Amino acid sequence: MPHSFGYKARTRSKFARPFRQHGPTHLSTYLTTYKLGDYVDVKANGSIQKGMPHKFYHGRTGRVWNVTRRAIGVEVNKQVRNRIIAKRISVRVEHVRPSRCRVDFLARLNRSAEERKAAKASGQHKRLPEQPKTAHFVKNSGVEHIHVLRYEELI
């Protein structure tokens, strides 16, 4: 059992850099623009200790609520006993990356907008939910009758 309960206790593998990902931070990390309301993933970079988030927030997704020169403010939900609190943390840009949690949602929005446009052109405005399968018969060809063989002593 560990004796230390410090800020970075038990983070040996959590803050370790991935295999073949050591070395200086790429410039694209600093050149990424973040706007208010963007979804970001908090993933601590172990090679940069400044502005590192607490180990609890590692791997969490939140929304940007503040942007400064070197850091951004992220609002992350945290469960404390029986309630969920929106926590606002300041994290340096190196420990944050744009989240892909809304990519599928936005693609679905674009797809449905195109379908709506096509439906208006064809004259059918309403969407139909997925209908139940139509009735059909199941063929039972190839079924054999199974009967019990009589027990015989083979000694």
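**Close-up 1. Glu-75 and its salt-bridge partner in the predicted model.** In this predicted model, Glu-75 is partly exposed, having a relative accessible area of 31%. The side chain of Glu-75 meets that of Arg-88 in a salt bridge, with a distance of 2.9 Å from N to O. Arg-88, for its part, has a relative accessibility of 52% and therefore counts as exposed, since the cut-off for that word is over 50%. Because Glu-75 belongs to strand E3 while Arg-88 belongs to strand E4, the pair ties together parts that lie 13 residues apart in sequence.

**Close-up 2. Glu-94 in the loop between E4 and E5.** Is Glu-94 buried or exposed? With a relative accessible area of 7%, Glu-94 is buried, because that word applies to values under 20%. The residue has its place in the loop that runs between E4 and E5. If residues up to four places away in sequence are not counted, Glu-94 touches Thr-29, Tyr-30, Lys-43, Asn-45 and Ile-48.

**Close-up 3. The hairpin of E3 and E4.** Strands E3 and E4 pair in the antiparallel sense, and this pairing runs over 10 bridges. Together they form a hairpin with 2 residues between them, and in the turn Arg-81 has a positive phi of about 55°.

Close-up 4. In what order do the strands of the open sheet lie? The sheet has 5 strands, arranged as E4-E3-E2-E1-E5, and the pairing is antiparallel. The edge strands are E4 and E5, the latter covering residues 96-98, and each of these pairs on one side only. When direction is ignored, neighbouring strands of this sheet are turned by 40° against each other on average.

**Close-up 5. The largest nonpolar core.** In soluble globular proteins, nonpolar side chains tend to be buried together. Here the largest nonpolar core is made up of 12 residues, among them Tyr-34, Tyr-57, Val-64, Val-76, Ile-89 and Val-93. Strand E1 (39-42), strand E3 (71-80) and strand E4 (83-92) each supply at least two residues of this core, and E3 gives the most, with 3 residues.

**Close-up 6. Ile-72 and the residues around it.** Ile-72 is one of the residues of the largest nonpolar core. Which residues is Ile-72 in contact with, leaving aside its neighbours within four places in sequence? Its contacts are with Tyr-34, Val-40, Val-64, Asn-66, Val-67, Ile-89, Ser-90, Val-91 and Val-96. Of these residues, Tyr-34, Val-40, Val-64, Ile-89, Val-91 and Val-96 also belong to the largest nonpolar core.

Terms used. Residues numbered from 1 in each chain as written. Predicted model: local features only at pLDDT ≥ 70, side-chain atom pairs only at ≥ 80, totals over all residues. Heavy atoms only, no water. Core = buried A, V, L, I, M, F, W, Y, C linked by side-chain atoms within 4.5 Å. Buried < 20%, exposed > 50% of the residue type's maximum accessible area, 1.4 Å probe, protein only. Helix = DSSP H or I, 4+ residues; strand = E, 2+ residues; numbered from the N terminus. Contact = heavy atoms within 4.5 Å. Pairing = 2+ DSSP bridges. Axes fitted to C-alpha atoms, helices over the stretch in contact; angles between N-to-C directions. Salt bridge = Lys/Arg side-chain N within 4 Å of Asp/Glu carboxyl O.
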